[in-house]
Amino acid sequence: MTSKAGLLDGMKVFTCTVAELLGSLNEFEAKNAPEVLHAAGDVRVFQSGPRVSIVGARKATGIGLQRAAKLARILVKNGVVVVSGMAEGIDTAAQRAAIVAGGKSIGVLGCPLDVLFGQADRELRLRMMREHLVLSQFPPGHPVLRSNFPRRNRTMAILTHATVIVEASDTSGSLSQGWEALRIGRPLFLMQSIVDNPGLKWPREMLDYGAEVLRSEDLDALFDVLPAAVEPERLAF
């Protein structure tokens, strides 16, 4: 992890609140949303279509990475903005695929905007901040703590219309976003391959609490919960 003061040079950087992005918040959202978001990029990305989080393991399998990328391509083809945490593995596979497919992506960080976790992260981060949108609830100088990431996952669940977990172990940090999505009443989908894995305990628990199975041959359940569009008048930056 390195702090790069020059990372934001020449970038459009601003601050906003979750309410400014989403409009009026319900009581639960208002209670759990961060006070302010630090942002770099084009805020119009937020209004360019329904938003779906694609999340999963950092140390993903090859087939998991393929599934994340395929889902991202299908979503952007249908006008959906792909949101993820910009972590190694499933997150970046989905975001890179969305960009290559000509779609839009939003990154929600568990660290300040000017912190990188390695040079491999630099190219994607710079492109996202130039052409897409990167958000963080953590100001410059805030320490990168383990507790940052569940907080980030709660924020990402609030900012998106649905979450899809592609691949995750019983100890994966991405499970926290699944539970947050269920807690705030956002749709949560688990890929069929996860549900079919006899070695995992958590999928059945989440299904019992309202998660749905996402079958690769039938994505209608996901598209059915998404709005047709996001109201542009909500944004005034």
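Author: Tyr 209 counts as exposed, its relative accessibility being 64%, where exposed means over 50% relative accessible area, buried under 20% and partly exposed in between, with a 1.4 Å probe and protein chains only. The model is a predicted one, in which local features need pLDDT of at least 70 and side-chain atom pairs count only at pLDDT 80 or more, while totals for chains, interfaces and linings use all residues. Residues are numbered from 1 along each chain as its sequence is written, and side-chain values use heavy atoms, with hydrogens and water left out.

A search of the whole structure finds 1 aromatic pair, counting rings of Phe, Tyr and Trp (its six-membered ring) whose centres lie within 6.5 Å, with planes under 30 degrees apart called stacked, over 60 edge-to-face and the rest tilted. The partners are Trp 179 and Tyr 209, whose ring centres are 5.6 Å apart and whose planes stand at 80 degrees, so the pair is edge-to-face. These two residues link distant parts of the chain, 30 residues apart: Trp 179 belongs to helix H7 (residues 175-184), whereas Tyr 209 is in the loop between helix H9 (202-208) and strand S11 (212-214). Helices (H or I, at least four residues) and strands (E, at least two) are DSSP runs numbered from the N terminus. Trp 179 is partly exposed, at 32% relative accessible area.

Other rings carry a charge over them, meaning that NZ of Lys or CZ of Arg is within 6 Å of the ring centre and within 35 degrees of the ring normal. The charged end of Arg 51 sits over the ring of Phe 46, 3.9 Å from its centre, and Arg 58 lies over the face of Phe 149, at 5.8 Å from the ring centre.
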